[in-house]
Amino acid sequence: MEDLFSILWAVNRGPAANQREIAQSLDISVGKVNSLLKTAEEQGMLAAEKDGKRTRFTILPPGRALLEQMLLKRRQGKLRLEPSSRPVRTAVILAAGRRPDFDKPAALLPLGESTVIETEIQMLESCGIERFFVVAGYCAGELRQKLASKKNVTVAENPRYKWTGTMQSLRALEGALSEDFLILKSDLVLERRGAMALLEGDAPFRALLAAPSGAGDEAFVELDDEGNIFRISKDVHQITRIEGELVGMMRVPAEVFSMMLESSAGGENPYLNFEYVLENIGRLYAFRGEMVDDLIWSKLETAANYQNLLNICYPRIIRKEKEMQQQLASDTMVEVLGLSPSEILEIRFAGGLTNTNYDVQTARGRYVLRIPGRLTEALTDRVSEKHNAQIASDRGINCKLVYCNAETGVKVSEYIDRAETLNFRTAKLEENMRLVASILHELHDSDFPMENTFDAFAESLRYESMLASENAKMYKGYDQLRAQVCAIHDRLLALGYEQLPSHNDLIAYNLVKNGEGRLYLIDWEYAGRNDPMFDIASYFLENEFEPEDEELFFHYYFPNGGDLETARQKILIFKIFQDFLWSIWTVLKEARGDDFGAYGPERFARCQRLCAQYWDIYGA
């Protein structure tokens with residue numbers, strides 16, 4: 001069939017021709033051309049008649065039908081791009097243009113307690129996006145200033161934004177993008193599930209679609225039989241079958257970005273928009289239209305759009321996101337504990353710094369569900385955590401562990417009845433010091449079979465090795481502080497480094513009493529064999545102990561005295577190590593999009609002060 005199509009196609013392009021010319025155009029032998037022409041004549045697809053010394057070939061209706069059939073088939077056939085083995089972690093936000101209705105970029109319009117672009121970034125971060133490129137133009141300085149504190153955001157600029165389209169803005173990132181990415185405009189606000197629809201699944205080249213909004217200036221989409229984008233047009237009269245509207249967010253493979261740059265290089269139309277470049281590439285490559293039913297979204301092209309966003313759309317998104325978070329918690333509990341949905345009675349958000357925790361009341365009891373946060377898989381040994389948390393639960397040191405998955409990080413614990421979580425003030429009450437000293441002795445003096453170790457100094461160097469890959473930079477003075485910490489580490493080795501079962505994260509929120517006054521150590525993410533003075537240093541440091549508070553605690557932890565001078569020196573060293581470690585941890589987390597405010601710089605500055613204190617006491 002392909003051979004017949006080729007011969008008919010050649011004839012269609014030049015009906016008066018001889019066999020030799022046809023053979024040359026198709027790069028096949030004259031003998032094969034003669035055979036194919038004869039077959040086509042026999043099947044009633046072609047007629048041949050003499051025209052002087054030449055032969056005129058005429059395509060008959062059956063031949064034309066074959067051509068149409070094959071051309072339609074070829075139009076539907078698309079080259080498929082291989083899906084990347086790495087998840088998409090980068091987003092490009094185009095924010096160069098100006099909207100006449102606003103006196104500032106649409107990206108900087110207030111939305112809730114934030115701005116439109118910060119809301120976009122926060123939503124994408126919750127989907128796993130870690131790195132952002134923002135292309136500015138109108139009021140670029142204001143946009144740079146607003147995003148200056150976000151270490152995972154790079155701002156580029158299109159200085160010709162007044163006279164160019166979005167493709168020119170995208171060209172500003174030539175050389176900076178080498179991985180697959182999401183692309184969207186800065187005036188788009190939508191539900192999280194819209195972005196997730198593009199991020200999940202194998203199809204690497206996709207555009208997000210929704211039902212036509214009727215908001216005006218819609219870009220309508222027609223799909224082919226395989227769900228690939230066939231046509232994009234803002235003129236409804238050009239669309240045979242309207243199957244959705246472009247929302248304005250697309251997933252673009254790195255190789256497609258290279259094609260975009262190549263195809264638009266030297267173009268005569270400076271107002272070209274990137275969507276139409278992608279549409280052209282989609283004529284050859286499968287460019288999937290990803291429809292999300294009942295998606296809540298809005299674009300901000302007019303003042304009326306903005307008022308609709310504030311009054312209707314965004315409140316709906318907030319309500320729906322809350323419902324979906326609760327649904328995720330409910331579905332997780334149903335899956336891991338084998339509950340029926342009707343047994344989930346109430347779900348409440350219970351906070352969390354690294355992870356998200358939920359207080360879940362069920363017909364079978366009350367539980368605390370932990371769903372791990374982003375980056376935790378790189379910073380936490382979940383296998384060791386599960387091992388240590390389970391043994392601690394069995395021994396009554398930890399609250400009762402019901403479920404823990406080392407692969408997903410999902411954990412379910414029984415709720416502690418009439419729980420009282422300590423804070424930095426109550427942690428310093430004498431009765432609570434006594435309880436903490438007792439439970440630490442129970443852990444440190446036990447035969448707890450911990451298979452892993454926790455070395456804060458080694459962990460700091462491991463986190464440090466991750467900084468470059470995350471495009472993260474430490475605070476000013478880091479190199480000098482690092483040299484001091486290394487020197488102090490040598491002092492620790494000279495003192496002697498014990499390896500006993502330890503918790504290693506004694507913040508107040510990990511110390512919980514039940515209604516009967518029994519204390520539990522919870523959250524065993526960082527547990528491992530370590531010097532017991534590390535736990536005490538953590539307890540002192542995280543709860544802002546004064547020297548007199550430390551002396552009172554020593555009374556309970558060292559009831560028979562002991563080598564207090566060595567203990568004090570080790571505790572100071574471990575305070576230094578902890579501030580050093582968690583300041584690097586903060587920089588890594590913030591490079592991935594989290595915002596811890598002054599937490600990291602304050603720990604870094606305190607580490608510097610503690611180093612100075614160490615040298616004053618123990619000599620340089």
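Reader: Which residues of α1 meet which residues of α3?

Author: In this predicted model, D3, L4, I7 and V11 of α1 are in contact with K32, V33, L36, L37, T39 and A40 of α3.

Reader: What makes α1 roughly perpendicular to α3?

Author: The axes of α1 (residues 2–13) and α3 (residues 30–42) come within 10 Å and cross at roughly 90°. Angles of 65 to 115 degrees count as roughly perpendicular, and that is why α1 is described as roughly perpendicular to α3.

Reader: How do you know that the buried residues of α6 line one face of the helix?

Author: In α6 (residues 140–147), A140, L143 and L147 are buried, a word kept for residues under 20% relative accessible area. Seen down the axis of α6, the buried residues fall within an arc of 65°, so they line one face of the helix. On the other side of α6, G141 and Q145 are exposed, a label that requires over 50%.

Reader: What covers the buried residues of α6?

Author: The covering elements include β3 (90–95), α5 (116–126), β6 (131–136) and β7 (153–157).

Reader: Why are both faces of β11 called covered?

Author: Side chains in a regular strand alternate between the two faces of the sheet. In β11 (residues 220–223), F220 and E222 lie on one side and V221 and L223 on the other, and all of them are buried, with the cut-off for that word set under 20% relative accessible area.

Reader: How do you know that β11 and β12 pair, and what do they form?

Author: Pairing requires at least two bridges, and β11 and β12 (residues 229–233) are joined in the antiparallel sense over four bridges, with V221 standing opposite I232 of β12. The two strands form a hairpin with five residues between them, and G227 in the turn has a positive phi of about 85°.

Reader: What makes β16 and β19 edge strands of their sheet?

Author: The five strands form an open sheet in the order β16-β17-β18-β20-β19, with antiparallel pairing. Because β16 (344–349) and β19 (401–404) each have a single partner strand, one side of each is left without a neighbour in the sheet. Neighbouring strands of this sheet are turned by 20° against each other on average, direction ignored.

For β16, the pairing with β17 (residues 356–362) is antiparallel over five bridges, and the bridge partner of I347 is V360 in β17.

Reader: Which helices touch this sheet, and at what angles do they run?

Author: Helix α11 (residues 303–337) lies across β16, β17, β18, β19 and β20, at about 110° to β18. Helix α13 (residues 382–394) also packs on the sheet, touching β18, β19 and β20, and its direction makes about 165° with that of β19.

Reader: Why is β24 called an edge strand?

Author: Three strands form an open sheet in the order β21-β23-β24, with antiparallel pairing, and β21 (420–421) and β24 (519–521) each pair on one side only. The partner of β24 is β23 (residues 511–513), joined to β24 by three bridges in an antiparallel arrangement, in which V512 stands opposite Y520. Helix α14 (residues 430–444) packs on this sheet, touching β23 and β24, with its direction at about 50° to that of β24.

Notes: Residues are numbered from 1 along each chain as its sequence is written. This is a predicted model: local features need pLDDT of at least 70, side-chain atom pairs count only at pLDDT 80 or more; totals for chains, interfaces and linings use all residues. Side-chain values use heavy atoms; hydrogens and water are left out. Axes are lines fitted to C-alpha atoms, for helices over the stretch in contact, and angles run from 0 to 180 degrees between N-to-C directions. Contact means heavy atoms within 4.5 Å. Buried means under 20% relative accessible area, exposed over 50%, partly exposed in between (1.4 Å probe, protein chains only). Angles under 35 degrees count as roughly parallel, over 145 as roughly antiparallel, 65 to 115 as roughly perpendicular and the rest as oblique. The arc is that of the directions from the helix axis to the C-beta atoms.
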